[in-house]
Amino acid sequence: MKILVAVKRVIDYNVQVRVKEDNTGVVTDNVKMSTNPPDDNAVEEAVKIKESGKAKEIVAITVGEEKAQETVRKALAVGADRGIHVKVDGVIEPLAVSKILQKIVDKEKPDLVFMGKQAIDDDCNQTGQMLAALLNWPQATFASKIEVKDKTLEVTREVDEGLETIEVNVPAIITCDLRLNEPRYASLPNIMKAKKKPIEQINAADLGIDTKPRIDQIKVEEPPKRKAGIKVANVEELVQKLKNEAKVI
Amino acid sequence: MSSLLIAEHNNKEVKPFTLNAITAASQIDPDLHVLVLGHNSETVAKSISEIPNVKKVIHVDNEIYNNYIAENFTSAVVKHAENYSHIICSANTFGKNLMPRIAALLDISQVSDIIKVISADTFLRPIYAGNAFATVKSNDAKKCITIRPTSFEPAETSGGSAEIVKGDAGEQSNHTKFIKKEEIKSDRPELGTARIVISGGRGMQSGENFKLIQDVADKLNAAIGASRAAVDAGYITNDHQVGQTGKVVVPDLYIAVGISGAIQHLAGMKESKIIVAINKDGEAPIFSVADYGLEADLFDALPKFLAELNKLNTIQK
């Protein structure tokens with residue numbers, strides 16, 4: 001099997017995000033960037049499947065500006081075989097990303113496409129499902145366990161009520177939950193080796209996809225701040241406040 | 001034009017988040033139609049027809065909708081989408097799984113997880129796990145919208161009498177098969193809709209110590225939550241997780257015990273009406289969002305808290 005894994009470069013999850021003073025977005029200059037966390041789980045799962053002998057090749061792909069390539073390089077360092085970077089500058093919405101990925105799938109013909117269930121920047125949770133629709137492939141979203149069978153996958157999904165298990169035929173799209181696995185760190189020798197692995201550069205414009213956003217971001221604001229609370233001295237005071245001041249018990 | 005909302009249900013009852021989504025949908029467009037895709041689901045169609053905000057119910061009853069498979073639902077929704085300006089559903093795992101598949105086939109750039117309706121094409125939505133709010137305007141002719149349920153009150157469920165019409169089923173996908181659903185049953189209120197939530201974090205130190213949380217939860221008729229750290233440490237199962245990757249809760253009272261207040265946890269609870277933090281580290285970030293902070297050892301404070309609650313003659317249920 002051949003697995004295509006999509007990764008996205010986002011503000012690192014440990015960074016306290018700040019809104020720009022002119023309300024046009026959030027501050028990204030001089031801010032640490034990393035791979036979107038559940039995309040790391042997607043890469044890890046692909047590598048594990050390859051290590052188990054059930055996959056032959058892993059191709060890592062990202063769509064974004066020049067520096068987005070770092071995320072592909074990181075995937076190569078933990079076990080992907082080669083990379084693809086589709087270059088686009090500026091805002092690109094999940095619909096356009098999924099159309100780009102569709103073109104790449106048509107060319108690469110993978111059996112599986114893995115990606116994180118959601119990007120922690122725009123929090124859209126759309127790309128995997130959209131790609132599945134465009135390809136008319138089955139989708140298994142929010143995967144917390146994947147069992148590779150002959151021509152199918154059995155996938156356990158995290159849903160509101162608990163866990164759901166479905167079986168999807170290959171080819172399929174899987175979006176990965178953080179609980180799927182524990183992503184490994186790249187070793188120094190593997191980071192060095194990854195520098196020699198090829199990354200193919202493609203301009204989004206050459207794929208003939210219109211990436212113009214369909215949604216205007218009118219403004220970005222700080223969420224309303226909670227008014228500063230108080231510290232209570234002891235449990236008695238806490239219960240008294242909850243009862244008589246907040247009136248919630 | 002009218003709006004079309006896709007209902008979530010189990011063929012017997014409507015799921016609560018659909019009621020919140022109905023409130024938001026009728027703010028977008030009062031002429032709200034609801035699509036019920038199910039099997040032997042007459043009672044669901046009937047109960048939705050009694051919601052005053054609903055103007056029409058389109059009921060498609062077919063065995064392919066016995067279990068929820070996004071591929072099967074998508075085909076039916078696309079078939080019914082033509083005469084609607086907005087396609088809407090709740091932004092829980094049901095709607096998150098379904099709506100992008102519909103949007104892509106309709107060539108619409110979806111607006112996910114809105115928390116406020118500003119106008120029929122402009123919405124407020126959280127980004128970066130709620131650390132920023134974006135006002136966005138959709139320029140597609142038809143719009144696909146998902147609703148964050150906890151940001152809208154549930155719709156009234158009686159007094160209406162919308163017409164129920166039968167609709168056609170869509171295609172069946174033979175590439176996806178439902179195998180099983182393991183629902184986690186509990187006598188407690190559901191985390192997503194409970195009036196009071198008490199959550200434990202890494203400070204609980206073990207799964208056994210969650211007994212202290214359970215005792216208080218029993219007294220207050222509260223749901224039990226947990227931070228990701230507590231779930232990852234194996235103290236409690238992941239269906240209790242509150243946060244960016246778990247559930248977003250907005251109870252009247254949220255009690256955070258032994259939780260430091262990582263950004264991703266705050267994203268899941270900071271809209272709660274009243275927040276209490278009990279933590280022995282006075283510098284813990286959780287105190288910056290707490291209305292009432294108690295700097296104390298939780299192993300000392302929780303039994304005392306329960307004892308004080310027991311002294312009260314009345315506890316609101």
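The questions and answers below go through the sheets, a helix, the core and the contacts of a predicted model.

Residues are numbered from 1 along each chain as its sequence is written, and chains are lettered from A and ligands numbered from 1 in the order in which they are written. Local features need pLDDT of at least 70 and side-chain atom pairs count only at pLDDT 80 or more, while totals for chains, interfaces and linings use all residues.

User: How many residues of chain B are in contact with chain A?
Analyst: Two residues are in contact if their C-beta atoms, placed from the backbone, lie within 7 Å. On the chain A side there are 61 such residues. On the chain B side the number is 68.

User: Which element gives the largest share of the side of chain A that touches chain B?
Analyst: Helices (H or I, at least four residues) and strands (E, at least two) are DSSP runs, numbered from the N terminus. Elements giving two or more residues to this side include α3, α4, β7 and β12 of chain A. The largest share is eight residues, and it comes from β9(A).

User: Which strand of chain B is joined to β9(A) by seven bridges?
Analyst: Two strands pair if DSSP finds at least two bridges between them. Here the two strands run antiparallel, and A:Glu167 stands opposite B:Lys177. The strand of chain B, residues 176–183, is β11(B).

User: Which strands are the edge strands of the open sheet of 10 strands?
Analyst: The order is β11(A)-β5(A)-β4(A)-β1(A)-β6(A)-β10(A)-β7(A)-β8(A)-β9(A)-β11(B), with mixed pairing. An edge strand here pairs on one side only. The edge strands are β11(A) and β11(B).

User: Which residue stands opposite A:Val113?
Analyst: β6(A) and β10(A) pair in the parallel sense over five bridges. The residue opposite A:Val113 lies in β10(A). That residue is A:Ile173.

User: Why is one side of β12(A) left without a neighbour in its sheet?
Analyst: The open sheet of four strands has the order β12(A)-β8(B)-β7(B)-β6(B), with antiparallel pairing. β12 (215–221) of chain A stands at an edge with a single partner strand, so one side has no neighbour in the sheet. Six antiparallel bridges link β12(A) to its partner, residues 132–138 of chain B, which is β8(B).

User: How many of the nine residues of α4(A) are buried?
Analyst: A residue is buried if 20 or more other C-beta atoms lie within 10 Å of its own, exposed if 12 or fewer, and partly exposed in between, with C-beta atoms placed from the backbone. Among the buried ones are A:Thr127, A:Met130 and A:Leu134, and their cover includes α3 (70–80) and α4 (93–105) of chain B. Helix α4(A) is largely enclosed by the rest of the structure, because the number of buried residues is eight.

User: Which residues touch the most other members of the largest nonpolar core?
Analyst: A nonpolar core is a set of buried Ala, Val, Leu, Ile, Met, Phe, Trp, Tyr and Cys residues joined through C-beta atoms within 7 Å. The largest one has 182 residues. Those that touch the most other members are A:Val5, A:Ala60 and B:Leu5.

User: What distance separates the centres of domain 1 and domain 2 of chain B?
Analyst: Domain bounds come from an automatic or database domain assignment, which gives domain 1 (2–166) and domain 2 (196–311). Four residues of domain 1 of chain B are in contact with seven residues of domain 2 of chain B. The centres, taken over C-alpha atoms, are separated by 32 Å.
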